[in-house]
Amino acid sequence: MNYQETCDYLFNQMPMFERQGADGYKEGLGNTLALDEHFGHPHQSFATIHVAGTNGKGSVSHTLASILQECGYRVGLYTSPHLVDFRERIRVNGKPLSEDYVVNFVQQERSFFEPLHPSFFEVTTAMAFKYFKDRRVDIAVVEVGLGGRLDCTNIITPLVSVITNISFDHTQFLGDTLAKIAAEKAGIIKRGVPVVIGENNDETRPVFEAKARELEAPIVFAEDAPQVMGIELQPEGGLLYHTTTFGDLTGDLGGIYQQKNLNTVLFVLHELARQGYLYESISEMSKAKNLYELQEGIAHVKENTGLMGRWQVINKNPRVVCDTAHNVGGWQYLSRQLSMVDCQQMHIVFGMVDDKDVEGVMQLLPKQAIYYFTKADSHRALSEDVVKTLAAKHGLQGDSYPTVHEAYSAAMRAASRNSFVFIGGSSYVVGDFLKKCL
């Protein structure tokens, strides 16, 4: 098989939650442990940081990886989903693994893993950990796929566990209350391993405190004494962060939700410093050379790690932006940012998948925009006509288009130089846009 045939095999021959929803979700760690044993426990060859949460875990993971790279470490980064190419999921110092590695891994190992009937994510996680061992990484930032307790990344014992936030998503697997979801995410907390909680509320905080107490894991709530005090939007699309310890820091990620994410990152850095992985203390990081490395890591997240789809500015006249926010928690921030956009007319290319709180998101969408309802190339995608019908109940007006490419083309034809065009609602919509419209 060549690379494309290998990807087709991975996507189509194995249960894959991202394509199939519930039918592609496999609960439990049995296959993961079997694969780990087969490959000689590769995750034990490098240090790790484990990142869970409903929203923000991708941005936090990429930002941590970027800073660690600037500090001179050889850094593995494992995230999901990919937007354009499968290889986005597995990187070392920002560079994806090679096509040949993917092909050779599947060809050489399929005789072992096929009898297990593993999921796509189980095989991908095994590939990532083996690749990081082969490439001799110093440290790997590992993003949880879904939940935490039963996620197949949860065989690692990290230097620090991170839970960015809790909101309603994947409730059919994780539970229908914030406390139940928090309990699943808290499953990544390990005995004696420090944990940083990015955001919390009255429902989730007791869950985290109880789990940390049970496992004697030191716990820090980043919101209790925030280090990021405010942000300013920058003309080119990034943010200026005002911090208590490091002064002003310029970042290349543009969503206003990045304030919470960077605050979480700075607390993780503090814990790494305490363990001697960066500097002797967080105060040491504020000195000239160390501050420069931190600044560079925050300023070049996209360049250092290849992160896409986070308030990503595509074009200036008209201004075109895409973002992968796909649930109510993400859209609470995104709707605020859209309301801050100064433009002659707003055009929104929008689609969602069938297991999200579609109507909850639609309540947050700007009513004055012109909509281009569409469907991503995914079995989970809602029909463009269904999205249009649901949207009309919320006063959202527009036409429907069978593909993201057709919807985007229509939006660009209608847009003037002073318009604003947004593409989002689903990671798959953004993925189709980046693959087929640019």
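Student: Does Glu88 count as buried or exposed, and at what relative accessibility?

Tutor: This is a predicted model, and in it Glu88 has a relative accessibility of 13%, so this residue counts as buried, the cut-off being under 20%. Glu88 sits in the loop that runs between β2 (75–78) and β3 (90–92).

Student: Which residues does Glu88 touch, once those up to four places away in sequence are not counted?

Tutor: With those set aside, Glu88 touches Thr79, His82, Leu83 and Met308. For a sense of spacing, Glu88 and Val103 are separated by 15 residues in sequence, and their C-alpha atoms are 15 Å apart in space.

Student: Where is His394 found, and why does His394 count as buried?

Tutor: His394 is found in the loop between α16 (384–392) and β16 (398–400), and it counts as buried because its relative accessibility is 14%, under the 20% cut-off. Leaving aside neighbours within four places in sequence, the contacts of His394 are Glu359, Met362, Gln363 and Lys367.

Student: Turning to strands, what is the order of the strands in the open sheet of three strands, and in which sense do they pair?

Tutor: As a general idea, the strands of a sheet pair through backbone hydrogen bonds, and the pairing is either parallel or antiparallel. Here the open sheet of three strands runs in the order β9-β10-β11, with antiparallel pairing. Its edge strands are β9 (228–233) and β11 (247–251), each of which pairs on one side only, and the twist from one strand to the next averages 25°.

Student: How many bridges link β9 to β10, and which helix packs on the sheet?

Tutor: Strand β9 pairs with β10 (residues 239–243) in the antiparallel sense over five bridges, and within this pairing Leu233 stands opposite Leu239 in β10. Helix α10 (residues 258–274) packs on the sheet, where it touches β9 and β10, and its direction makes about 140° with that of β9.

Student: What joins β12 to β13, and over how many bridges do these two strands pair?

Tutor: Strand β12 (residues 312–316) is joined to β13 (residues 319–323) by a hairpin through two residues. The two strands pair in the antiparallel sense over four bridges, and the bridge partner of Lys316 is Arg319 in β13.

Student: How should I read a pair of packed helices, and at what angle do α5 and α6 pack?

Tutor: Two packed helices are described by the angle between their axes and by the distance between the axes. Helix α5 (residues 99–113) and helix α6 (residues 120–134) pack at about 120°, with their axes 11 Å apart, which means that α5 is oblique to α6. Their crossing is right-handed. On the α5 side, Tyr101, Val102, Phe105, Val106 and Phe113 take part, and they meet Val123, Ala126, Met127, Lys130, Tyr131 and Asp134 in α6. By class, this contact has nine nonpolar, no polar and two charged residues.

Student: Why are α17 and α18 described as roughly perpendicular, and which residues meet between them?

Tutor: Helix α17 (residues 404–414) and helix α18 (residues 427–436) pack at an angle of about 75°, with their axes 9 Å apart. Because angles from 65 to 115 degrees count as roughly perpendicular, that description applies to α17 and α18. Val404, His405 and Tyr408 in α17 meet Val429, Asp432, Phe433 and Lys436 in α18, and the residues of this contact divide into four nonpolar, one polar and two charged.

Definitions and conventions:
Residues numbered from 1 in each chain as written. Predicted model: local features only at pLDDT ≥ 70, side-chain atom pairs only at ≥ 80, totals over all residues. Heavy atoms only, no water. Pairing = 2+ DSSP bridges. Axes fitted to C-alpha atoms, helices over the stretch in contact; angles between N-to-C directions. Contact = heavy atoms within 4.5 Å. Parallel < 35°, antiparallel > 145°, perpendicular 65-115°, else oblique. Left-handed = near helix turned anticlockwise from the far one by under 90°. Nonpolar A, V, L, I, M, F, W, Y, C, P; charged D, E, K, R; others polar. Buried < 20%, exposed > 50% of the residue type's maximum accessible area, 1.4 Å probe, protein only.
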